[in-house]
Amino acid sequence: MTGTGEEAFIAAVKPLVEAMGGELLPPDEAGTDDVVLAWGGTDVVAVRLPQLADSLDHILAALERRTGKPLADLDRRAKQEIVRSLEARGAFSVRHGVETVASALGVSRFTVYNYLNREKGS
């Protein structure tokens, strides 16, 4: 991981890896579940992908940073939009996804299900 082109490649993929909640590692530290990325025919960096449940927590934290306040402090419409966005990203296929989202939004599971059903009904 020393060439200038390699450093540019790593800098280019770093925001994507961070957005996913992943971790960059030297390629020689890659495990069997890690993804090794090559540039110019040389292994440059390995990406350790997060567990699905960790990804949901990471996504919620990123949403909170983006809004600039706790998700629980958002108005109803904003919370519905977040639920819609999370559903599109598959957040509710994760075990305890509804509970995790409900807790982050400061609403009940029933409310999250209502938001989901409202979207399907419209």
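Good morning. The model is predicted, so local features are reported only at pLDDT of at least 70 and side-chain atom pairs only at pLDDT 80 or more, while totals for chains, interfaces and linings use all residues. Residues are numbered from 1 along each chain as its sequence is written, and side-chain values use heavy atoms, with hydrogens and water left out.

I begin with the charged pairs. Side chains of opposite charge can pair when their charged atoms come close. How many salt bridges does the structure hold? There are 4, a salt bridge being a side-chain nitrogen of Lys or Arg within 4 Å of a carboxyl oxygen of Asp or Glu. I shall discuss some of them.

One of these joins Asp 34 to Arg 48, with 2.7 Å between the closest N and O atoms. This pair links distant parts of the chain, since Asp 34 sits in the loop between β1 (23-25) and β2 (35-39), and Arg 48 in strand β3 (residues 42-48), 14 residues apart. Helices and strands here are DSSP runs, numbered from the N terminus (helices are H or I, at least four residues; strands are E, at least two). Asp 34 is buried at 13% relative accessibility, whereas Arg 48, at 33%, is partly exposed. By these terms, buried means under 20% relative accessible area, exposed means over 50%, and partly exposed lies in between, with a 1.4 Å probe and protein chains only.

A further salt bridge pairs Arg 84 with Glu 81, at 2.3 Å from N to O. Both residues belong to helix α3 (residues 76-88) and are 3 residues apart, about one turn of the helix. An α-helix has 3.6 residues a turn, so residues three or four places apart point the same way. Arg 84 is partly exposed at 33%, and Glu 81 is partly exposed at 42%.

Glu 99 and Arg 109 also form a salt bridge, their closest N and O atoms lying 3.7 Å apart. Here too the pair links distant parts of the chain: Glu 99 is in helix α4 (residues 97-105) and Arg 109 in helix α5 (residues 109-121), 10 residues apart. Glu 99 is partly exposed at 32%, as is Arg 109 at 46%.

Let us stay with helix α4. Which residues of α4 are buried? They are Gly 97, Val 98, Val 101, Ala 102 and Leu 105. These residues cover an arc of only 125° around the axis, and therefore lie on the same side of α4; the arc is that of the directions from the helix axis to the C-beta atoms. Just after α4, Gly 106 takes a positive phi of about 70°.

In the loop between α3 and α4 lies His 96. Its phi is near 65°, a positive value in a residue other than glycine. Most residues other than glycine have a negative phi. His 96 is partly exposed, at 43% relative accessibility.

Next, the aromatic residues. The count comes to 1 aromatic pair. The rings of Phe 9 and Trp 39 have centres 4.8 Å apart and planes at 25°, so the pair is stacked. Under the rule, rings of Phe, Tyr and Trp (its six-membered ring) pair if their centres lie within 6.5 Å; planes under 30 degrees apart count as stacked, over 60 as edge-to-face and the rest as tilted. The pair links distant parts of the chain, with Phe 9 in helix α1 (residues 4-20) and Trp 39 in strand β2, 30 residues apart. Phe 9 is buried at 13%, while Trp 39 is partly exposed at 45%.

Leu 49 lies in the loop between β3 and α2 (52-67) and is partly exposed at 41%.

Finally, Gln 80 is found in helix α3 and is buried at 14%. Leaving aside residues up to four places away in sequence, Gln 80 touches Tyr 115 and Arg 118, contact meaning heavy atoms within 4.5 Å. Thank you.
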